[in-house]
Amino acid sequence: MGNKSLQIYVNGEEKGISTAMEETTKFAVKQEFDKKEALCMRLITEELLGLFSGITNNDYRALFWVEGGHKEAIFHLIAKTDMTAEKRNQLIESSSAKKNDAAIGIMGKIKDMVETAVLNFGNINGATSEFYDAGVTDNAPIDGLSLFWTLENYRKSMEAANSSADDDEDGWDELERSIIANIADDVHVSIRKDSVEIVVFKKF
């Protein structure tokens, strides 16, 4: 089965984030990863936890842990937002106010996709829909999902666009510059209304 870190509650506060980083480091030591592999683990944890900072004005509860066998690590982040009608309206107002700011980078776009799906009960619209469509899979592994997106599917879409007349150079360049796309083997994003699960896979 392999090892598993402690499960840590994080909610955008520094204490939870630093504890999650400590758990990641302990997991790397337990797995006998070398310094470079341990640094890679910390980078993935930082990227993953940074995804939720401010996503609902820190009004969420997220559970983080790492598990894996020999030379592999699987990072889990499961978040549930406490979404009331009032909070949803406040968020829609604040997100409308910043809609002119394009989401930057792969993680920025994943954050935007999650935020849009949570606000619209799983419906993806606007500029985010192109990013979502490029990575969505029709074969959602679990019933009841309103969204299932993978980095692998997105990468394949960008490779196809890059080698065709469509030539989405911006998307391809962004992928090549992305920290998470360069160090993780795959990222899965599953959304059910107001709950989100993000899993990052890494083999060393």
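Start by selecting strands β6 and β7 (residues 195-203): they pair in the antiparallel sense over 7 bridges. Keep in mind that this is a predicted model. Pick Asp186, and you will find Phe201 of β7 standing opposite.

Now stay on β6, residues 186-192. Of its 7 residues, 6 are buried, so the strand is mostly covered.

**The whole chain**

Zoom out. The chain has 8 helices and 7 strands. It has 204 residues, and buried ones make up 45% of them. Colour by surface next: the accessible area is about 10,900 Å², with 49% of it belonging to carbon and sulfur atoms. Take contacts with a separation of 6 or more: residues 24 or more positions apart account for 59% of them.

In soluble globular proteins, nonpolar side chains tend to be buried together. Select Phe64, Phe75, Ile110, Trp149, Tyr154, Val187 and Val189. These have the most contacts inside the largest nonpolar core, which has 46 residues. Helix α4 (residues 105-119) gives the largest share of this core, 6 residues.

Centre on Phe64. What does Phe64 touch, leaving aside neighbours within four places in sequence? Its contacts include Leu6, Ile8, Val10, Ala20, Leu48, Leu49, Phe75 and Leu77. Gln7, Thr24, Thr45 and His76 are also in contact with Phe64.

**Aromatic rings**

Show the rings. There are 5 aromatic pairs in the whole structure. Go to Phe27 and Phe33: the ring centres are 6.3 Å apart and the planes stand at 70 degrees, so this pair is edge-to-face. Phe27 is buried at 2% relative accessible area. Phe33 is buried as well, at 10%.

Next, select Phe131 and Tyr154. Their pair is tilted, with 4.7 Å centre to centre and 55 degrees between the planes. It links distant parts of the chain: Phe131 sits in helix α5 (residues 128-135) and Tyr154 in helix α6 (residues 151-162), 23 residues apart. Are these two buried or exposed? Both Phe131 and Tyr154 are buried.

**Salt bridges**

Switch to charged side chains.

Glu23 lies in helix α1 (residues 14-30). Not counting residues up to four places away in sequence, Glu23 touches Ser5, Leu6 and Ile8. Lys26 forms a salt bridge with Glu23, with the closest N and O atoms 3.4 Å apart. The two are 3 residues apart in helix α1, so about one helical turn separates them. Lys26 is partly exposed at 49% relative accessible area, whereas Glu23 is buried at 7%.

Move to Lys71 and Glu37. Their salt bridge has its closest N and O atoms 3.0 Å apart. This pair links distant parts of the chain, 34 residues apart: Lys71 is in the loop between β3 (60-68) and β4 (72-81), and Glu37 is in helix α2 (residues 35-50). Lys71 is partly exposed at 26%; Glu37 is buried at 11%.

Finish with Lys109 and Glu174, whose side chains meet in a salt bridge (3.0 Å, N to O). Lys109 lies in helix α4 and Glu174 in helix α7 (residues 169-177), so the pair ties together parts 65 residues apart in sequence. Lys109 is partly exposed, with a relative accessible area of 23%. Glu174 is buried, at 12%.

Technical notes:
Residues numbered from 1 in each chain as written. Predicted model: local features only at pLDDT ≥ 70, side-chain atom pairs only at ≥ 80, totals over all residues. Heavy atoms only, no water. Core = buried A, V, L, I, M, F, W, Y, C linked by side-chain atoms within 4.5 Å. Buried < 20%, exposed > 50% of the residue type's maximum accessible area, 1.4 Å probe, protein only. Helix = DSSP H or I, 4+ residues; strand = E, 2+ residues; numbered from the N terminus. Contact = heavy atoms within 4.5 Å. Phe/Tyr/Trp six-rings, centres within 6.5 Å; stacked < 30°, edge-to-face > 60°. Pairing = 2+ DSSP bridges. Areas by Shrake-Rupley, 256 points an atom, 1.4 Å probe, with all protein chains shown as cover. Salt bridge = Lys/Arg side-chain N within 4 Å of Asp/Glu carboxyl O.
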